[in-house]
Amino acid sequence: MKNNIVLIGMPGSGKSTVGVVLAKMLGYQFIDMDIVIQEKEKKLLQEIISEKGNDGFMEIENRINSEIEAEYTVIAPGGSVIYGKEAMEHLHNIGIVVYLKLGHQELEKRLGDLRKRGVVLKDGYTLKNLYEERTPLYEKYADIILEEEEMDLITTVNVIIDRLKVGEFL
């Protein structure tokens with residue numbers, strides 16, 4: 001049964017922040033998958049990427065996300081989860097996938113050094129390159145696409161709840 005909500009999107013799109021508030025408003029649990037990965041690997045994301053490389057990190061991320069078992073939970077996976085086919089199939093099977101879409105310029109304002117955030121970034125890639133590469137994947141996997149531009153936190157959460165009700169997901 002699809003009784004979870006999975007928030008996907010770029011780093012800085014608000015998955016964790018929106019996720020916590022959304023979970024509280026719905027009476028759901030909240031899981032930040034980046035924290036789960038760090039707990040299971042006993043290392044920070046940037047340490048895993050540094051030691052295992054982007055591909056090694058994404059294998060770990062794909063495995064851990066594809067094994068998650070939850071009910072009535074808001075799940076916030078890392079932005080690179082969309083590269084993991086098994087993880088995305090699993091998350092789609094257990095929940096409604098909501099893409100928190102934010103424009104490239106707004107993301108630039110919100111983000112500092114991407115590498116310090118534990119972001120999978122190919123050599124020579126900028127945030128714009130990453131945005132252009134990932135956007136079609138987020139859109140492909142999303143059940144709901146939410147344009148967050150010019151929305152505050154509470155508005156974003158309320159619009160998600162409304163869209164879930166309209167789609168009869170809640």
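Analyst: In strand β3, Val74 is the bridge partner of Ile5, and Ile75 is the bridge partner of Val6. These belong to a parallel pairing in which 2 bridges join β1 (residues 4–8) to β3 (residues 73–76); two strands count as paired if DSSP finds at least two bridges between them, while helices (H or I, at least four residues) and strands (E, at least two) are DSSP runs numbered from the N terminus. The model is a predicted one, in which local features need pLDDT of at least 70 and side-chain atom pairs count only at pLDDT 80 or more, whereas totals for chains, interfaces and linings use all residues. Residues are numbered from 1 along each chain as its sequence is written, and side-chain values use heavy atoms, with hydrogens and water left out.

β3 also pairs with β2, in the parallel sense and over 4 bridges, and here Ala76 of β3 is the bridge partner of Asp32. In a regular strand the side chains alternate between the two faces of the sheet. In β3, Thr73 and Ile75 point one way and Val74 and Ala76 the other, and all are buried, where buried means under 20% relative accessible area, exposed over 50% and partly exposed in between (1.4 Å probe, protein chains only).

Taken as a whole, the open sheet has 5 strands in the order β2-β3-β1-β4-β5, with parallel pairing. Because β2 (29–32) and β5 (144–147) stand at the edges with a single partner strand each, one side of each is left without a neighbour in the sheet. From one strand to the next the twist averages 20°, with axes fitted as lines to C-alpha atoms (for helices over the stretch in contact) and angles running from 0 to 180 degrees between N-to-C directions.

Helix α4 (residues 85–94) packs on this sheet, touching β1, β3 and β4 (95–101), and its direction makes about 115° with that of β4; contact means heavy atoms within 4.5 Å. Helix α6 (residues 127–141) packs on the sheet as well, touching β1, β4 and β5, at about 150° to the direction of β4.

Within α4, the residues Ala87, Met88, His90, Leu91 and Ile94 are buried. Seen down the axis of α4, its buried residues fall within an arc of 165°, so they line one face of the helix, the arc being that of the directions from the helix axis to the C-beta atoms. These buried residues pack against β1, α3 (45–67), β3, β4 and α6, whereas the face of α4 turned away from the buried side carries the exposed residues Lys85 and Asn93.
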